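Hi,

Here's the structure I promised to send over.

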Amino acid sequence: MKKVAQISAPAAVEPGTVITLNLKPKSAARPARLRPLMQRLIPALCGLLLMLLVWQIAALWSSGFPTPYATWQAALTLFADPFYNAEPNDQGIGWNVLASLQRVAVGFGLAALVGIPAGFLIGRFPFVSRMFSPIIALLRPVSPLAWLPIGLLLFQRAEPASSWTIFICSVWPMVINTAEGVQRIPQDYLNVARVLQLSEWTILRRILFPAVLPAVLTGVRLSIGIAWLVIVAAEMLTGGLGIGFWIWNEWNNLNVENILIAILLIGVVGLLLEQGLMLLARRFSWDK
């Protein structure tokens, strides 16, 4: 049975009056909603297909390089039991990723405890800024792995040395972004606080921290990416349980498929960490 379009018109229609038809096709709203999703999804799929094509070409040119299909088959076997525990040096990839995340959490947490308050002090007090600016400018460009021998010498163990390396490489973005955020606060805010004779703690809690929070979260997001980047290289040198040592061990066993799987897994975990902090930054952003 065909549907009849409803016509809305006044009770008495004069000659020459234009009658408006209320025709609202339901199918027109759905493509309009799907269009932004498709505009993001289609380029992303094209990029993935291009990566797979380059990967396949590289596998054809090199006899020892695995194809995407061979890597997929190895991934099915690897993730069939990612949390097996045969012996201390023979554990599933899941345990290795968790061990690396634990080291990152320790070093990153210590960096946040030190870097964010230090950034507030540097940005708030010019004397402190002039005192620490040369030290930051001198130490920040140093490669993170250059600090690993210092950590081994100080702690005499590989486990604290890895967390020390994470700490020293991820503290600088927090310090710098927090200090710049404090220095960019309008002077009128601080003048009002001075007129009201607010204490330094009240100024920090009611003025500085709410205004600087987006900059702090930006520094935190940058730091977590650097920390996850460095832990892989640090674990290759220190050994033990961790995704970096797992990659090195697979290279010694010539399991190139597992190395490629670990590289993709590292990228996925790093992407999830960064996206989670970006969502947190948008939650506290003033530009909502």
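Which residues form one aromatic cluster? They are Trp147, Phe155, Trp164 and Phe167. Before you zoom in, keep in mind that this is a predicted model.

Let me start with the aromatics. The model has four aromatic pairs. One of them is Trp147 with Trp164, an edge-to-face arrangement with 6.2 Å from centre to centre and 75° between the planes. Trp147 sits in the loop between α4 (126-139) and α5 (148-155), while Trp164 belongs to helix α6 (residues 158-183), so this pair links parts that are 17 residues apart in sequence. Trp164 also pairs with Phe155: here the ring centres are 6.4 Å apart and the planes are at 55°, so that pair is tilted. An angle over 60 degrees would have counted as edge-to-face.

Are the residues in these pairs buried or exposed? The cut-off for buried is under 20% relative accessible area. Trp147 is buried because its relative accessibility is 15%, and Trp164 is buried too, at 19%. Phe155 has 37% relative accessibility, so this residue counts as partly exposed.

There's also a charge-over-ring contact to look at. Arg124 lies over the face of Phe125, 5.8 Å from the ring centre.

Next, helix packing. How do α8 and α9 cross? The axes of helix α8 (residues 200-238) and helix α9 (residues 243-252) come within 6 Å and cross at roughly 50°. That angle makes α8 oblique to α9, and the crossing is right-handed. If you want to select the contact residues, the α8 side contributes Trp228, Val232, Glu235 and Met236. On the α9 side they meet Ile243, Gly244, Phe245, Ile247 and Trp248.

With a relative accessible area of 15%, Ser129 is buried. What does Ser129 touch, leaving aside residues up to four places away in sequence? The contacts are Ile122 and Gln183. Helix α6 covers residues 158-183, so Gln183 is in the helix that also holds Trp164.

That's what I have for now.

Cheers

Conventions
Residues are numbered from 1 along each chain as its sequence is written. This is a predicted model: local features need pLDDT of at least 70, side-chain atom pairs count only at pLDDT 80 or more; totals for chains, interfaces and linings use all residues. Side-chain values use heavy atoms; hydrogens and water are left out. Rings of Phe, Tyr and Trp (its six-membered ring) pair if their centres lie within 6.5 Å; planes under 30 degrees apart count as stacked, over 60 as edge-to-face and the rest as tilted. Helices (H or I, at least four residues) and strands (E, at least two) are DSSP runs, numbered from the N terminus. Buried means under 20% relative accessible area, exposed over 50%, partly exposed in between (1.4 Å probe, protein chains only). A charge sits over a ring if NZ of Lys or CZ of Arg is within 6 Å of the ring centre and within 35 degrees of the ring normal. Axes are lines fitted to C-alpha atoms, for helices over the stretch in contact, and angles run from 0 to 180 degrees between N-to-C directions. Angles under 35 degrees count as roughly parallel, over 145 as roughly antiparallel, 65 to 115 as roughly perpendicular and the rest as oblique. A crossing is left-handed if the near helix is turned anticlockwise from the far one by less than a right angle, and right-handed if clockwise. Contact means heavy atoms within 4.5 Å.
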